[in-house]
Amino acid sequence: MAKPLLEFTDRGIYCEQGKFYIDPWKPVDDAVITHAHADHAYFGHKNYLAHHLSREVMLYRLGDINLRTIEYGEIVTKNGVQISMFPAGHVIGSAQIRVEYKGVVWVVSGDYKTDDDGISTPFEPVKCHHFISECTFGMPVYSWKPQAEIFTEVNNWWRHNVENGVATVIVGYSLGKAQRILQNLDVDIGKVYTHGVIENTNEALRRNGVILNPTHRITAESSKEEVRKGIIIAPPSSVGTPWMRKFGPYSFGYCSGWMAIRGAKRRRAADRGFIMSDHADWNGLVSAIDATGCECVYLTHGYTASFTRYLNEIGFNAREVHTLYGGEEEDDASPQPSPKEREQEDNPSEVSPNEGDLEGATKGGII
Amino acid sequence: MKAFAQLFLSLDETNKTNEKVKILKEYFSNVPDTDKMHMLALFTGRRPKRPINSTLIRNWAIEASNIPAWLFEESYHVVGDLAETMSLLMLESPGNSSKTLTEWIAEINAQAARTEDERKLWLIDSWAMLDRQERFVFNKLLTGSFRIGVSNNLVVKALADITGIEAPALTHRIMGSWMPEDYTYEQLIQEQNAADNISRPYPFFLAYPIQETSEKRKSAEDVGNALGEAGEWQAEWKWDGIRAQMIKRGGQIFIWSRGEDLATEKFPELHPFLNALPDGTVLDGEILSFQNNLPMSFSVLQTRIGRKNLSKKILTDSPVATIVYDCLEYAGEDIRYKTQSERRAILEKLQAAIEFPEVFRISSLIKFDSWEELETIREQSRAMIAEGIMLKRKSATYQVGRRRGDWWKWKIDPLSVDAVMIYAQKGHGRRADLYTDYTFAVWDGDKLVPFAKAYSGLTDAEINKVDYFIKRNTLEKFGPVRTVKPELVFEIGFEGINKSTRHKSGIALRFPRILRWRHDKPKEEADTLESLKDLLGE
């Protein structure tokens with residue numbers, strides 16, 4: 001039997017014919033990157049290929065790397081293998097990687113969601129023979145409400161807090177959720193303030209030509225009274241830190257798909273949990289996989305065991321594969337950030353670009 | 001039901017006590033009186049009977065959600081709550097029912113008289129007319145308990161604010177056996193006389209611990225600094241039995257456990273002396289197994305708790321007596337306002353007049369002149385089959401609930417062993433989808449033998465780290481249980497140890513819990529089964 005076009009190695013997903021890796025987690029020569037989150041875009045590769053809209057964020061996070069960026073649909077050929085990118089709808093600049101050689105097509109989803117969030121280019125199903133998919137929320141208990149409904153709740157909560165003289169802190173990771181929140185807030189209510197790590201990402205995206213609503217970076221000079229009339233967008237790692245406490249009394253809302261489960265929500269001890277995810281829900285996953293018309297689907301991370309079994313029962317040819325990507329059910333609880341990381345976040349002028357902002361990785365992590 | 005579902009949701013969305021009280025008050029102010037009483041019953045642990053077997057409910061929910069049964073089970077392990085799992089898996093409904101909580105509970109109760117087919121139809125219809133949050137609460141009514149992070153105290157505080165009745169009086173009025181069907185809100189707020197309900201117990205006064213764990217050990221000096229003059233305190237042994245309130249009123253007797261279960265029939269040995277008490281007497285004490293005038297360990301008493309029928313053998317093997325330490329009502333008068341010393345004198349007088357010295361015992365006072373002396377006496381606790389020492393301020397009234405100040409328990413340090421974690425299972429509720437329930441093992445030769453399960457004792461941060469370890473070091477999966485690479489060592493504390501034929505290790509522990517994570521110990525240095533068996537004292 002001929003070797004498959006893509007294989008799973010201890011460095012990442014590998015294409016032997018094209019001599020490149022997709023989202024490798026150990027240093028390689030050529031890396032094709034689905035999106036700029038830390039569990040997909042690692043440091044240390046010689047050459048990077050990513051989407052245009054990932055450019056500035058990757059340079060900000062990974063420093064001086066050798067990066068080439070392309071548009072959705074543009075084809076790069078390497079040793080006869082055609083590589084192209086299609087929107088994954090996960091965050092701004094996220095892409096599914098399509099790989100074709102001698103008529104055989106593989107697609108690597110990276111992380112994706114099927115609902116249009118109004119800011120990431122919407123997910124586009126790509127026909128293929130082999131589909132490598134995430135399944136972070138691959139359990140039927142996860143089912144997302146329309147985005148508009150959630151933001152009505154968010155805006156009502158914010159308005160209520162302003163009326164009661166309580167500061168509003170909304171938590172979401174810095175690339176993706178933060179901008180999704182920013183673009184959907186009702187800015188007639190008040191100003192939007194940002195934690196340093198989030199504003200750094202916003203600035204990177206603006207350099208990339210992305211137009212975002214106006215934001216105000218919180219500094220030592222920010223007036224507590226003014227901030228209280230607005231809303232603060234903060235990363236998960238800032239929850240419960242002295243940085244956040246100085247805005248008290250505040251109400252803090254957490255935006256994550258994990259908020260769908262009461263236990264997880266109570267564990268986070270958020271005042272409000274908004275069920276909002278940048279990953280596909282159960283129905284989204286099943287419909288996305290179905291739309292590829294694939295012969296075989298490989299599940300990389302999430303509730304892989306149950307989801308694989310279910311897909312096989314309903315007639316797909318599904319397989320579980322082991323990777324080091326984010327929210328793998330087995331790999332979803334990251335340890336608490338170190339005291340040093342916390343200190344940096346208390347002092348937004350010295351923030352580290354990699355604050356570990358994966359939805360999956362923060363599950364159970366920061367409480 | 002919409003108001004009740006919203007109450008649930010709002011309570012979930014805050015951790016602040018004041019905010020919770022505000023939410024409870026809003027609920028009380030906005031619902032009919034019958035709903036108030038139903039809510040009060042549910043929040044104080046008085047759940048309606050379950051008219052439908054929960055396996056049937058589960059099966060019908062699986063049908064209604066149109067997924068395979070195994071996937072339902074997997075979902076349940078992720079969610080950690082059956083009622084919530086069912087509500088999440090069914091199709092969303094707009095929720096167009098306007099029935100009140102009282103109406104829903106009446107419907108639930110009415111199912112008892114229905115056939116299985118009728119129940120199923122009713123349930124499917126009901127699910128279809130409730131939105132997700134209502135359906136969750138409804139499923140809770142049908143299947144589960146209501147643990148929602150709101151203590152009785154908070155509910156009482158909200159009710160006290162609304163009614164203007166003082167909290168201790170309200171706490172008393174909601175004690176004992178009542179159901180919302182036969183106790184109206186009007187009765188609750190108007191009633192002035194405690195004797196209106198002759199079975200009603202008083203709220204228990206609970207002691208505060210002087211030290212929480214062995215790590216925070218308190219010396220005689222610490223105790224002296226905190227409590228002042230030794231002479232102001234009365235000391236007794238802390239007996240290891242069942243806390244009980246014993247009532248004789250209107251020619252009838254009642255025995256209440258701390259959990260407000262009426263347990264009169266479970267302790268026939270006590271009936272003669274209770275019947276001999278004058279009417280209008282309420283005693284507070286501990287029920288223990290006794291033989292040859294000596295208390296026996298709690299494990300002996302345990303063999304008869306929970307039995308429906310007390311056979312002759314059980315009554316012979318594990319006869320009970322009570323050690324009384326307080327008198328709350330005397331000659332029909334509530335004497336909780338009197339001082340500890342005054343109540344003690346009344347108790348002694350009462351006991352002297354009754355001829356049942358073997359079943360009606362009084363907790364003897366420990367004589368001590370200094371805290372140092374008491375600290376030495378405390379060392380004899382295990383030999384006395386006691387858990388430690390109780391300290392009561394001689395001038396204290398009998399209060400309501402657990403409060404700091406006048407009653408303290410100074411328990412002996414737990415026994416402990418260092419053990420290796422070998423199995424793990426996901427928790428429930430707040431710990432859903434996290435590995436929080438562990439099985440521990442000790443060495444028997446070169447094998448690790450499981451001997452105890454423990455769920456508590458770690459901080460949230462530690463739980464996250466252990467969970468992270470388990471997910472990366474799973475050797476095998478058996479249903480929800482994972483076999484974990486033996487590596488992590490924990491110090492397990494426990495109150496007692498007994499032989500057991502039901503456990504592979506041959507021993508059973510009482511109240512095992514995690515005292516700390518021994519990062520410093522490799523698994524090879526964990527304790528042995530032999531060293532555990534030495535603690536059996538045989």
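Visitor: Which residue in strand 15 of chain A is the bridge partner of A:Val192?

Guide: The model is a predicted one, and within it strand 13 (residues 192-194) of chain A pairs with strand 15 (residues 231-234) of chain A in the parallel sense, over three bridges. A:Val192 lies in that stretch of strand 13, and its bridge partner in strand 15 of chain A is A:Ile231.

Visitor: Which strands are the edge strands of the open sheet in chain A?

Guide: The open sheet of chain A is formed by six strands with parallel pairing, and their order is 14-13-15-12-16-17. An edge strand here pairs on one side only, and in chain A this holds for strand 14 (216-217) and strand 17 (272-274).

Visitor: At about what angle does helix 2 of chain A run to strand 17 of chain A?

Guide: Helix 2 (residues 147-163) of chain A lies across strand 12 (167-171), strand 15, strand 16 (250-255) and strand 17 of chain A. Helix 4 (residues 196-207) of chain A, for its part, lies across strand 13, strand 14 and strand 15, and runs at about 105° to strand 13 of chain A. For helix 2 of chain A, the angle to strand 17 of chain A is about 155°.

Visitor: Which helix of chain B gives the largest share of the side that touches chain A?

Guide: The contact between the two chains takes 23 residues from chain A and 31 residues from chain B. On the side of chain B, the elements giving two or more residues are helix 5 (69-79), helix 6 (82-89) and helix 19 (460-472). The residues of that side divide into 13 charged, 11 nonpolar and seven polar. The largest share, eight residues, comes from helix 19 of chain B.

Visitor: How far apart do the C-alpha centres of domain 2 and domain 3 of chain B lie?

Guide: The domain assignment of chain B gives domain 1 (2-143), domain 2 (205-411) and domain 3 (415-534). The contact between domain 2 and domain 3 of chain B takes seven residues from domain 2 and eight residues from domain 3. The C-alpha centres of these two domains of chain B lie apart by 33 Å.

Terms used
Residues are numbered from 1 along each chain as its sequence is written. Chains are lettered from A and ligands numbered from 1 in the order in which they are written. This is a predicted model: local features need pLDDT of at least 70, side-chain atom pairs count only at pLDDT 80 or more; totals for chains, interfaces and linings use all residues. Helices (H or I, at least four residues) and strands (E, at least two) are DSSP runs, numbered from the N terminus. Ala, Val, Leu, Ile, Met, Phe, Trp, Tyr, Cys and Pro count as nonpolar, Asp, Glu, Lys and Arg as charged, and the others, Gly among them, as polar. Domain bounds come from an automatic or database domain assignment. Two strands pair if DSSP finds at least two bridges between them. Axes are lines fitted to C-alpha atoms, for helices over the stretch in contact, and angles run from 0 to 180 degrees between N-to-C directions.
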